[in-house]
Amino acid sequence: MFKAKSVPGVLGSFAHIDSAVDAIKGLRARGHTDLTVYSAAPNHELEEALEHKISAVRLFTLVGGLTGVSAGLAMTYWTSLDWPLLVGGKPIATVPPYVVIMFELMVLFGALSTVTAVALLSLRKPTTGLAYDPRYTDDLVGIFVPCAPDRAGDVESLLKQAGSVEVRRAA
Amino acid sequence: MASATQHPTQTHAEVTRDVLATLGTPTRGYYILLGSVAAALAVGLVTFFFLVKDGLGHAGYTPPVMWSVYITTFVFWVGIGHAGTLISAILYLFRSPWRTAVYRATEAMTVFAVMTAALFPIVHIGRQWIFYWLIPYPNARFLWPNFKSPLVWDVFAITTYFTVSTTFLIFGLIPDVAAVRDKVSGWRQKVYGMLALGWKGTDEQWRHYSRAYLYLAALATPLVLSVHSVVSWDFAMGIIPGWHGTIFAPYFVAGAIYSGVGMVFTLLIPLRKALKLEHMITTYHFDNLGKLTLLTGCILFYAYGMEYFVAWYSGNMFEQTTFWRRAFGPMWWAGWAMIICNAFVAQLLWFRKVRENLTALFVISIFINIGMWFERYVIIVSSLGNDFDPWAWGLMNPTWADWGILLGSFGWFGLWFTLFFKHFPIVAIQEIKEMIPMPRRKGAH
């Protein structure tokens with residue numbers, strides 16, 4: 001079975017949110033910006049400490065929604081004009097009844113492109129090979145710091161000083 | 001009885017433990033439930049076999065009533081789904097924290113209800129093996145479907161609703177499935193590991209996930225309002241007396257949410273006890289759901305009154321006759337069943353004691369389920385049966401084939417829901433944890 005090569009670094013586990021935030025700030029001040037922080041739920045304190053930009057998911061949602069509206073308009077108009085058939089004396093092609101189709105396709109395409117965006121954008125920073133602990137989906141916050149073995153000692157002491165309940169090296 | 005608390009009081013580890021305990025070894029009661037819903041489904045399948053073999057003649061279609069129990073039940077199940085999306089998406093956008101404990105169950109209910117509803121047009125069309133003609137592609141003469149038809153709108157609305165609701169449910173489940181993966185072992189760990197799609201709860205994953213969840217909720221919100229509006233236009237776009245009303249879209253949306261919350265009560269009140277989740281799904285949640293039921297019940301009350309008023313005030317003989325016969329004609333019992341079960345029974349929810357009494361709520365929910373099925377039956381059958389020309393008036397009586405498919409639909413829905421709550425977290429672990437502040441070493445926040 002394929003096994004990803006593990007990334008060398010240090011993994012610290014935290015039971016207290018303020019300790020984790022202190023550790024993130026300390027690590028970033030020392031130039032460790034490529035951190036991976038694990039948590040069981042999104043947390044605004046962690047997000048602020050990491051200074052993340054707003055996700056690009058919204059662009060995918062917008063493009064998906066606009067594509068859906070356009071597809072709905074194009075499909076209804078083209079199919080109506082492809083074989084003009086007069087029904088009940090109504091116009092062959094007209095916008096008001098087609099708004100429903102356009103709206104539904106906007107929501108459909110918008111939703112599917114939003115989910116696709118999460119999959120694609122998450123791939124930009126893969127988690128394979130990064131040290132992990134199953135307790136991070138339960139009640140601990142984890143911080144993985146990728147670093148060369150010669151810098152691991154400094155990172156370990158910083159994590160312990162911040163209040164980590166457990167620190168281990170990943171080779 | 002659990003106290004009515006607004007926020008969960010457990011620790012993160014306790015939330016994981018308590019929710020995962022619901023996935024333990026099934027009890028005898030669970031197997032009895034599973035057997036019951038499977039038996040109901042079997043009745044539906046046998047009935048469907050005869051409908052395919054012999055045709056729709058087994059059902060009670062009688063001209064001019066050529067839409068009857070199957071379309072009634074289609075609208076019933078689509079409506080059930082609406083409460084789930086309201087609770088999971090609309091209340092999420094409104095930042096109503098009380099939704100958190102109940103939204104997973106209601107969202108699952110939505111998906112399974114729409115899956116059930118989607119079967120009914122196929123049963124109803126008669127030649128079920130050519131159901132794919134509903135899909136927009138050109139026929140042998142390169143003629144496309146008529147996109148001006150509300151029935152085609154409905155195909156798009158229901159397909160989109162099913163896809164988006166399922167996506168929303170699965171998307172919300174991913175972090176929770178990862179939590180299960182990290183607690184179980186052996187083959188279950190492998191299965192949940194595959195279903196978790198590599199989720200580890202990293203900051204990068206949460207960054208994209210949280211935004212995406214917000215946008216999915218934003219897209220689902222107008223969708224839920226549109227879907228039952230479109231369903232209502234299946235009727236309101238026709239000129240049949242009793243159908244041709246501008247009030248239909250909001251009337252149907254309110255009715256859908258009302259019926260959906262009724263089903264939430266029916267499912268969750270016994271389920272929380274069976275799964276020992278009384279401390280997570282408390283009377284506080286039922287009190288709020290009761291208020292939602294009251295609100296939509298009052299909107300229905302108004303809509304029922306307005307329908308009769310408009311029929312009288314219009315001076316239109318056909319409308320007046322239809323509504324007169326709805327109350328005092330041969331289907332008077334069904335007409336009054338809908339008004340009593342929906343408009344009047346909901347008024348009991350003005351009282352907090354009723355909203356916090358789970359036995360009372362359960363009984364009310366049964367009235368709501370029955371009343372909302374009858375609402376659709378009355379709208380469809382009594383309107384079609386009282387056409388413009390008294391010579392053409394007629395009524396249908398449901399047959400074993402109608403009741404068999406109806407029972408089978410409860411079996412189909414029940415089977416999915418029963419399997420779901422034993423294999424996936426029925427309470428959203430990560431959203432509950434989001435509401436509970438993590439411990440701090442330096443004291444309060």
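1. Two residues count as in contact if their C-beta atoms, placed from the backbone, lie within 7 Å. On that basis, in this predicted model, 53 residues of chain A are in contact with 49 residues of chain B.

2. On the side of chain A that touches chain B, the elements giving two or more residues are helices H1 (17-29), H2 (44-50), H3 (57-82) and H4 (95-123), together with strand E2 (36-38). The most comes from H4(A), which gives 16 residues.

3. By residue class, the side of chain A that touches chain B divides into 28 nonpolar, 17 polar and eight charged residues.

4. The domain assignment of chain A gives two entries: domain 1 is written in two segments, 9-52 + 126-170, and domain 2 covers 57-123. Taken over C-alpha atoms, the centres of domain 1 and domain 2 of chain A are separated by 44 Å.

5. In chain B, the axes of helix H6 (residues 150-181) and helix H7 (residues 186-195) come within 8 Å and cross at roughly 160°. Angles over 145 degrees count as roughly antiparallel, and H6(B) and H7(B) are therefore roughly antiparallel to each other. The crossing of H6(B) past H7(B) is left-handed.

6. To the contact between these helices, H6(B) brings B:Val177, B:Val180 and B:Arg181, while H7(B) brings B:Gln189, B:Tyr192, B:Gly193 and B:Leu195. Four of the residues in this contact of H6(B) with H7(B) are nonpolar, two are polar and one is charged.

How values were computed:
Residues numbered from 1 in each chain as written. Chains lettered and ligands numbered in written order. Predicted model: local features only at pLDDT ≥ 70, side-chain atom pairs only at ≥ 80, totals over all residues. Axes fitted to C-alpha atoms, helices over the stretch in contact; angles between N-to-C directions. Helix = DSSP H or I, 4+ residues; strand = E, 2+ residues; numbered from the N terminus. Parallel < 35°, antiparallel > 145°, perpendicular 65-115°, else oblique. Left-handed = near helix turned anticlockwise from the far one by under 90°. Nonpolar A, V, L, I, M, F, W, Y, C, P; charged D, E, K, R; others polar. Domains from an automatic or database assignment.
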